[in-house]
Amino acid sequence: MALLTATRVKHYFGGLCAVADFNLDLQPGELVGIIGPNGAGKTTVFNLITGVYRASEGSIRLRDTELVGKTPHQITALRVGRTFQNIRLFRDLSVLDNVRIAHYAQVRYSPLEALLHLGRYRREEQRIIENSRRLLGIFKLEHLAGEIAKNLPYGSQRRLEIARALAIDPELLLLDEPAAGMNPNEIDQLMEFIQWIRREFQLTILLIEHQMKLVMGICERIKVLDFGETLAEGPPEAIQNDPKVLEAYLGEGPVG
Amino acid sequence: MGWEWLMAQRWLLPVLVAVGLVLAFAIEYNLFNNEYVREVMMYVGIPEYTLEYTLFNKYVQLVMMYVGINIILTVSLNLVNGYMGEFSLAHAGFMAVGAYTAALLTQKVLPVAVYPGLFPLAVLAGGLMAALLGLIVAVPSFKVRGDYLAIITLAFLMIVKSVIENIDTIGGPRGIPGIKKLTTLPWVFFWTVVSIWVVRNFVYSKYGRGVLSIREDEIASDLMSVNTRRVKFLAFMVSSFFAGVAGGLFAHLLQFISPRVFDIIKTTDVLIMVYLGGIASIGGSILGATVYTVLYEILRPSNFADLVSWLPAVVLDPLNEYFIRHLGVGRMVIMPLLLVLVMLYWPRGIMGLREFRWFIPKRDLEAHHRQPAHGGSHGAAHGH
C-alpha cells in the first residue's frame, strides 16, 4: 500500500496556477526526486503536502488519512518531517533547543504538569534531551549542543536542519534542496549520508534538488515538473534521455 | 569570577527565598522592634537607625510592595513581549480586570473582615478572570502579528477601560474607594515568588520552547509539530493570569481603584521595565522592575533631597534650587529619557536574552554544556 498518494492536486495563487494536476504514488521505503526549473512548483508541492498551503483541488493521502485541510502541526505529528530550501532554523536558540522543539508532539505532559514541573515532566524532559543528544551525536553536532544555531557554519546548519526533521520521528522525510550551496566533495558525502539515514531510520524520502549528480545518483524514481505540470516521471536513465525534459532544461533546437 | 561562583551555588536561591519570607513576616509583624534585636545590632555594630528608618519605615515597606507587584507584572508581560516576541499593550487591562474582580469580592462577597485568610482567594479569582480574558485576546494573535496585534491589544485595553467606566454598579469613572488594606509584605512576597516560579517552569517546558520557536519562525515552528495556537493560548493565559494577580494585590494596597489607574500609561510603565531589564529573561525582569521602581521613588524631590543631604551646603543649596525642587516635573522627563538612552545604547536591556543560571533548570544547564563522555566515533568532529 502506498505511503503517500497525491491525486489530481491543483493549487492556484490568485489566478496563477502553481501546481496543475499533480499525481504522486510513493511506496514505503522509496527515494524519489522532484526536479524542474525554478518556479516549476516543486516547493509548492512540499508546502501542499505539509499543510502550509491548502490544495485548491485534489486529494493528498498519507496511508488512509486525508492531509488536505489539516494544519501543519497535525500533519507533522503524523510523522512527516521536512527541511527547507533556505535554512529555517530557530536562529537565536541553541542547537539542542532546535532539536528539542521538534519533539513537541511526542512529549506527553499536560500544561499543568509543565507549569508545576510535576508528574511526567521530569521523565519526559530527560527522555527528549537524551534523544536530542543522540540525534546530534549522529550528525556530529553533539559538542555544539549549547551553541546558538546561527553561529554554526553553513554545512553544520544544514545537518542540524536534517537532525531537527528527524526528531519528529518521521516515516516520510521531505528534503528541499539538501545540496544547495555544497561543493562536489560535500555532495558526495551528502549522498552517502542520505542513503545511510534512509536505512538507519527506515525512511521514505522525497527530495527536491537541482544538483543532477545527486538526483541521478541516489533517486530510484524522478518526477520532472515545469510550470506546475508534470513533464515526465521514471527512473533516472529514462529521465536523462527524455526529449521533453531536455527541452525544458536546455531549450528547443540545437544549442550554440 | 565571583559572579560565576555565586551563580553556581544553586542552593542559595531557596535559602534566599526562605530568608525573604521570614524577613517579610518579621517586618510585617514588627518582630525586630524588641530589646534583644537592638542589643544584637549594637553588638554587631549596625547603627540602630538603619532598622528604624529603613525596614520599619512604612514608606519603605510600601515601595518594597510596589517592587514586588511590578516584578509580577514585568515577568508576566515578558512572556508575551519578550519570549514570544509579540507586542501586547493590554497588560493594564488584565490588571484592571484582576483588580476589580478581587476588590468587588473582598467588598461584597468574601467576609474578609472576619477571615482575612480569604484574601488570596480574591486575588486568585482576579487572576483567573484576567486569564479568561487573556484567552479572548489570544484569538486574534492566531491571525495577526507584530504591529497589528499591538493595535488589537491596545483596542482591548480601551474596551476594558470604557466598559468599567460605564458600569455604574462598580463605581463607573469614580472607581471603588475604601478597599480594605489586605495586601501585606508576606503576601506580595508569596505571589512574587509564585509568579516567577510558574513563569520559569512554563518557559522551560515544551510549551515555553514552543513560545520561543514562534518568536523565531512561526511557520517553521508549526512544521516542527508545535501546536502554535495552543501555545499562544497558554502564553496569553499565564501572562494575563499574573497581571490579574498583580491587579488584585495593587487594589488592596492602594485601597482605591478607578479606570484611570489602568490606562496606557500603566502598560507603558511595565513595558519600560521589561525592556530595561531585557527581553526573554526572568532575571532581567526582576532587575528591570526593581531598578525602575526604586529609581522612580528616588527621583521624588523630597527623597532625592534626603539622599544628597550629606553634601556640603555650598553644593546642596544651588542643586536644590535649580534641580531637585523641579524634579517632580523633571521625573516625567528623566524616566522616558532613560528609556530612549537604553534603547539607543543598550537595546537588549540589562539582561537581554540572557538568564541567571539560578533560574535555569539543572537538567537544561547540563544538557547544554555536557561534553561527550569520551572521544568515541561521534564526538570526534570538532570545529570546521
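Two strands count as paired when DSSP finds at least two bridges between them. In this predicted model, seven such bridges join strand 1 (residues 4–13) of chain A to strand 2 of chain A, and the two strands run antiparallel. Chain A also touches chain B, with 44 residues of chain A in contact with 33 residues of chain B. The secondary structure of chain B comes to 19 helices and zero strands.

**The sheet of chain A**

- Four strands of chain A form an open sheet in the order 2-1-4-5, with antiparallel pairing.
- Its edges are strand 2 (16–26) and strand 5 (65–66) of chain A, each of which pairs on one side only.
- Within the pairing of strand 1 with strand 2 of chain A, A:His11 has A:Val19 of strand 2 as its bridge partner.
- Helix 1 (residues 42–49) of chain A lies across strand 1, strand 2 and strand 4 (57–62) of chain A. Relative to strand 2 of chain A, helix 1 of chain A runs at about 65°.

**The side of chain A that touches chain B**

- The contact between the chains involves 44 residues of chain A and 33 residues of chain B.
- On the chain A side, the elements giving two or more residues are helix 2 (72–77), helix 3 (95–101), helix 4 (111–116), helix 5 (121–138) and helix 6 (154–166) of chain A.
- Helix 5 of chain A gives the most, with seven residues.
- By residue class, this side of chain A divides into 21 nonpolar, twelve polar and eleven charged residues.

**A helix pair in chain B**

- Helix 5 (residues 58–83) and helix 10 (residues 185–203) of chain B pack with their axes 9 Å apart, at an angle of about 15°.
- Angles under 35 degrees count as roughly parallel, so helix 5 of chain B is roughly parallel to helix 10 of chain B.
- The crossing of helix 5 and helix 10 of chain B is left-handed.
- Residues making this contact include B:Met64, B:Gly68, B:Ile72, B:Val75 and B:Leu79 of helix 5 of chain B. From helix 10 of chain B they include B:Leu185, B:Phe189, B:Trp191, B:Ser195 and B:Val199.
- The residues of the contact between helix 5 and helix 10 of chain B divide into 15 nonpolar, five polar and no charged.

**Overall dimensions of chain B**

- The C-alpha atoms of chain B fill a box of roughly 70 × 60 × 50 Å along the principal axes.
- A compact globule with 384 residues would have a radius of gyration near 21 Å, and the 23 Å of chain B agrees with that.

Technical notes
Residues are numbered from 1 along each chain as its sequence is written. Chains are lettered from A and ligands numbered from 1 in the order in which they are written. This is a predicted model: local features need pLDDT of at least 70, side-chain atom pairs count only at pLDDT 80 or more; totals for chains, interfaces and linings use all residues. Two residues are in contact if their C-beta atoms, placed from the backbone, lie within 7 Å. Axes are lines fitted to C-alpha atoms, for helices over the stretch in contact, and angles run from 0 to 180 degrees between N-to-C directions. Ala, Val, Leu, Ile, Met, Phe, Trp, Tyr, Cys and Pro count as nonpolar, Asp, Glu, Lys and Arg as charged, and the others, Gly among them, as polar. Angles under 35 degrees count as roughly parallel, over 145 as roughly antiparallel, 65 to 115 as roughly perpendicular and the rest as oblique. A crossing is left-handed if the near helix is turned anticlockwise from the far one by less than a right angle, and right-handed if clockwise. The radius of gyration is taken over C-alpha atoms; the globule rule is 2.2 Å times the number of residues to the power 0.38.
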